[in-house]
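This report sets out selected features of the structure displayed below.

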Amino acid sequence: MRILYFLFLAVLFACNQPSGPRTLPILGERDVVNGDTIYPAVPDFSFVDQDGQVVTNALFADKIYVVDFFFIHCPTICPKVKANGLRIYEKYKNDDRIMLLSHSIDVKNDTVAALKRHADKLGIESRRWRMVTGDHDAIYDIADDYFSVAVENPDAPGGFDHSGRLILVDKNRHVRSFCDGTDAEDVDRFMLDIDALLDEQFGRSK
Amino acid sequence: MLFSKKGILLPLIACLLALVQCESNPYREGERLYKMNCANCHLDDGAGLGALIPPLAGADYLAAHRERLPCILKYGLKDTIVVNGTVYAEAMPGVQTLSAIQIANILNYINTNWGNNLPPYRLDEVRALLEDCE
């Protein structure tokens, strides 16, 4: 009986965690060099978006952004991830501090024109959501830096394996959170992380 | 107080209600197959996605093309179609391994969910329609 009581208390306290400002961790392996901690950061990149514009890190210099990897003719998880991406887009579409960045891993078929058509059919504005293509290796390499999986695999549906992750990057190029983009509840949790990061990096009141 | 009768009774009633709720859905197999084969694209609530994937919830296409649906599920669709006034011109892969019974179950799940209220398919009807797919 006593044990039960303790269990009950433990659960009670678990539910009552203070819900004040949270600081998200910086994800990934860190190095210590000469006493300084070095956090992993997204490297320089240069891709081309649905309007044929070059997109580099500079676009996100003073913004936080949400990343994913997809391909247009994806028969599996992509529509679910896109639908959840759209929820994030809708919630923050008037907020200049945040953008979305989707990378196509099917560089052969997903041309700039195809990406444009796709973006138009989703009904999104490039001001807020960039869909990019680019050098094959550059895209596959950067997926690693975002802790995301992208592999060509002729046996997988549509020819590619990839995780449906959505990844949150802060304005210092650090990955701070991610979620399973196919899982609406996990995306709800992720949007709370977005709010926490906005508060942390841009100050509390907007 | 904690373990009072009320404290136990309420969750019990809630559980019972939940059970009844599940049992009253006659197309559970259809729901399972839908989640496995279709929900990735048409989404769990049948809402579809922008002008890329047509909705199934409240879709006028379902009643208007009743005879065509079993073949679409089995062999896919690559056409230009209009659903609730929006033009869709993408491709849907079929699931050739679906049996007539499974197709009937999926379609009946769709026809009776998300506000849809269409007459169910009979098994012999689905079998006959599958005979002459294009």
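## Chain B as a whole

Among contacts in chain B between residues at least 6 apart in sequence, 53% link residues at least 24 apart, contact meaning heavy atoms within 4.5 Å. The model is predicted: local features need pLDDT of at least 70 and side-chain atom pairs count only at pLDDT 80 or more, whereas totals for chains, interfaces and linings use all residues. Residues are numbered from 1 along each chain as its sequence is written, chains are lettered from A and ligands numbered from 1 in the order in which they are written, and side-chain values use heavy atoms, with hydrogens and water left out.

Chain B contains seven helices and four strands; helices (H or I, at least four residues) and strands (E, at least two) are DSSP runs, numbered from the N terminus. Along the sequence, the pattern in chain B is α-α-α-α-α-β-β-β-β-α-α. Of the 134 residues in chain B, 39% are buried, where buried means under 20% relative accessible area, exposed over 50%, and partly exposed in between (1.4 Å probe, protein chains only).

## Helix 7 of chain B and the segment after it

B:Glu125 belongs to helix 7 (residues 123–131) of chain B. Its relative accessible area is 18%, so B:Glu125 counts as buried. A polar atom of the B:Glu125 side chain lies 3.0 Å from the backbone nitrogen of B:Arg122. When neighbours within four places in sequence are left aside, B:Glu125 is in contact with B:Arg66 and B:Pro120.

B:Asp132 is placed in the segment after helix 7 of chain B. With 60% relative accessibility, B:Asp132 counts as exposed. The C-alpha atoms of B:Asp132 and B:Cys71 are separated by 8.4 Å, although these residues are 61 apart along the chain.

## The open sheet of chain A

In chain A, five strands form an open sheet of mixed pairing, in the order 7-6-5-10-11; two strands pair if DSSP finds at least two bridges between them. Strand 7 (129–132) and strand 11 (175–180) of chain A are the edge strands, each pairing on one side only. From one strand to the next, the twist averages 20 degrees. Helix 3 (residues 112–122) of chain A packs on the sheet and touches strand 5, strand 6 and strand 7 of chain A; its direction makes about 150 degrees with that of strand 7 of chain A. Axes are lines fitted to C-alpha atoms, for helices over the stretch in contact, and angles run from 0 to 180 degrees between N-to-C directions.

Strand 5 (residues 64–70) and strand 6 (residues 98–104) of chain A run parallel and are joined by seven bridges. Strand 6 of chain A also pairs with strand 7 of chain A in the parallel sense, over four bridges, and A:Trp129 in strand 7 is the bridge partner of A:Leu100. In a regular strand the side chains alternate between the two faces of the sheet. From strand 7 of chain A, A:Trp129 and A:Met131 point one way and A:Arg130 and A:Val132 the other way, and all are buried.

A:His103 lies in strand 6 of chain A, and A:Phe69 stands opposite A:His103. A:His103 is buried, with a relative accessible area of 0%. Beyond its neighbours within four places in sequence, the contacts of A:His103 include A:Phe47, A:Val132, A:Ile139, A:Ile142 and A:Tyr146.

In helix 4 (residues 136–145) of chain A, the residues A:Ile139, A:Tyr140, A:Ile142 and A:Ala143 are buried. They cover an arc of only 165 degrees around the axis, which puts them on the same side of helix 4 of chain A; the arc is that of the directions from the helix axis to the C-beta atoms. Just after this helix, A:Phe147 adopts a positive phi of about 55 degrees.

## The loop between strands 2 and 3 of chain A

A:Val42 is located in the loop between strand 2 and strand 3 of chain A. A:Val42 is buried at 2% relative accessible area. A:Val42 and A:Asp145 are 103 residues apart in sequence, yet 5.9 Å apart in space, C-alpha to C-alpha. Leaving aside neighbours within four places in sequence, A:Val42 is in contact with residues including A:Tyr65, A:Ile142 and A:Val175.

A:Pro43 is found in that loop, between strand 2 (36–38) and strand 3 (46–48) of chain A. A:Pro43 is partly exposed, with a relative accessible area of 32%. The C-alpha atoms of A:Pro43 and A:Ile142, 99 residues apart along the chain, are separated by 7.8 Å.

Notes: Polar contact = N/O pair within 3.5 Å; in protein donor to acceptor, adjacent residues only side chain to side chain.
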